[in-house]
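Subject: Structure handover

Hello,

Here is the structure you will be working with. Please open it first, then read my notes below.

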Amino acid sequence: MPMFVDRVVLHVAGGSGGHGCTSVHREKFKPLGGPDGGNGGRGGSVRLVVDASTTTLLEYHHAPHRVAANGRPGMGSHRHGAAGEDLVLRVPPGTVVKDAADGSLLADLVHVGTDVELAPGGAGGLGNAALATTRRKAPGFALLGEPGWSGDVVLELKSLADVALVGFPSAGKSSLVGALSAAKPKIADYPFTTLVPNLGVVVAGDERFVVADVPGLVEGASEGKGLGLQFLRHVERTAAIVHVLDCATLEPGRDPLSDLETIEAELARYAVDLTATGEPGLPLEERPVLVVLNKVDVPEARELADFVRPELEARGHEVLEVSAASREGLRELSFAMAALVRRARAAVPEPEAPRVVLRPRAVDETGFTVTREEAEDATGGVRFRVLGSKPERWVRQTDFSNDEAVGYLADRLAKLGVEEELFAKGAVAGSEVVIGDDRSARGAVVFDWDPTLVGGAELLGGRRGEDPRLQDDDRPTRGERRRLQEERKAARAATQAELEAERLADRRAERAERGDG
């Protein structure tokens, strides 16, 4: 089972918002209590927090799927749903967050305590009490909660060290870290003893810096041979590189000069990830270098060190002879590394204060787009796609099983100007309209368009510059109203006279039948 993990793929999802409630207040002797449905709670978010006590990503290697809590739905009596609890994931300092799809940088977590929202939760839906207006006094619907953001991200751990010790396996890097600092790395007499980067704090005079023991590199490490790619990323943040050369190796075909050339070639071929915002960010071959000839306590190793030192100095390297076993040359090594760190820190420019740039929305910006799409098949059909944050969010909040909710959505789209834009693009009643992106995780909604308004006088069939609605004046004048009233009175009097005449005729007929004369 791996005990150190520095790269994981994390599947995260924010919590969904709670649905709004549709409720009507019911109380004795109050038949018209009004709507009292509460709003749904917001879904919880997935957050990353930098924790100094966390040193590995092992926890997320075993449990890569993380989902925040959902918001609770609203209830009657104006009771809002509770918000979902945020899910806090603790990561070590130096963690880089990337998008798993395109590898773009999302966050570079360096400082302890940094809090980043990775997957925001969805907003809760409004209840029918919040949707009530003077014109819509008792809504029979509520809005649905939105789903939270979901996706895959990559977490990469890059050690935060000032100096990196690099070299072949068993070159004595861990022994040097243990001798220079209070770190207690695992040390044994076989290759690849170190499987995780060891960090040690070194104090040299007034300078305090961190030294990292990068596990042994071999030829082809930049191409993934051995564990090269896994550990070369831990060199990216260092300000200086110290080459530890084994002068007491017994392997055939190896010597300090060939070892140095091999490691330098691997560092030069390694592509530094320049998307990370951490310093220094330079290619590895351009960083300050210090060469250390190790294990000079062995007589044969000292002779070899004395032999190769002039050649290394002729190449322009600063060379030191040390021994972790006898502690020879360790003080000089610590001060030499401190000088490199001091120069590197002095070369870093002072961070500029962030500037706040306000970009107001343009007056003609609608917040949505309508595009006309021709069918690629032989049907030759045409569809119109609506994209925009507001229309797409409104569609997700709509309960399409409720006709009143669908009508409310149509009113919102018409007020936003979607229907006018559809008219301008050539849409007619019955045209296929798509709201949303088919490729997105949330999908799209397809429907046959039924326009609810007429956008302009040019659609009324009149000549240019004329509006038939302004030419129809059916309002009667005062004289016409008086004449109509007189006509109604005359018609009423004629009707009454006719009824009276019929009654008199009926009475005469009855008397004649009785013989009353």
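Start with helix α2. K173, S174, L176, V177, A179 and L180 are its buried residues. This is a predicted model, so keep that in mind throughout.

Now step back to the whole chain. It has 11 helices and 18 strands. Of its 517 residues, 40% count as buried. The chain exposes about 29600 Å², and carbon and sulfur atoms supply 52% of that area. Look also at contacts in the chain with a separation of 6 or more: residues 24 or more positions apart account for 70% of them.

Next, a pair of helices. Two packed helices are described by the angle between their axes and the distance between the axes. For α4 (residues 256-269) and α5 (residues 299-314), the angle is about 45 degrees and the axes are 10 Å apart. That angle makes α4 oblique to α5. Which residues meet there? From α4 come P256, L257 and L260. From α5 come L304, V308, E311 and L312. By type, the residues of this contact are 6 nonpolar, no polar and 1 charged.

Then the sheet. Strands of a sheet pair through backbone hydrogen bonds, either parallel or antiparallel. The one to look at here is an open sheet of 4 strands. Its order is β15-β16-β17-β18, and its pairing is mixed. Why do β15 (369-374) and β18 (444-448) count as edges? Each has a single partner strand, so one side of each has no neighbour in the sheet. From one strand to the next, the twist averages 25 degrees.

Zoom in on β15 and β16 (residues 382-387). These strands run antiparallel, joined by 6 bridges. Find T369 and you will see L387 of β16 opposite. Helix α7 (residues 389-396) packs on this sheet. The helix touches β16, β17 (432-436) and β18. The direction of α7 makes about 95 degrees with that of β17.

Best wishes

Definitions and conventions
Residues numbered from 1 in each chain as written. Predicted model: local features only at pLDDT ≥ 70, side-chain atom pairs only at ≥ 80, totals over all residues. Heavy atoms only, no water. Axes fitted to C-alpha atoms, helices over the stretch in contact; angles between N-to-C directions. Helix = DSSP H or I, 4+ residues; strand = E, 2+ residues; numbered from the N terminus. Parallel < 35°, antiparallel > 145°, perpendicular 65-115°, else oblique. Contact = heavy atoms within 4.5 Å. Nonpolar A, V, L, I, M, F, W, Y, C, P; charged D, E, K, R; others polar. Pairing = 2+ DSSP bridges. Buried < 20%, exposed > 50% of the residue type's maximum accessible area, 1.4 Å probe, protein only. Areas by Shrake-Rupley, 256 points an atom, 1.4 Å probe, with all protein chains shown as cover.
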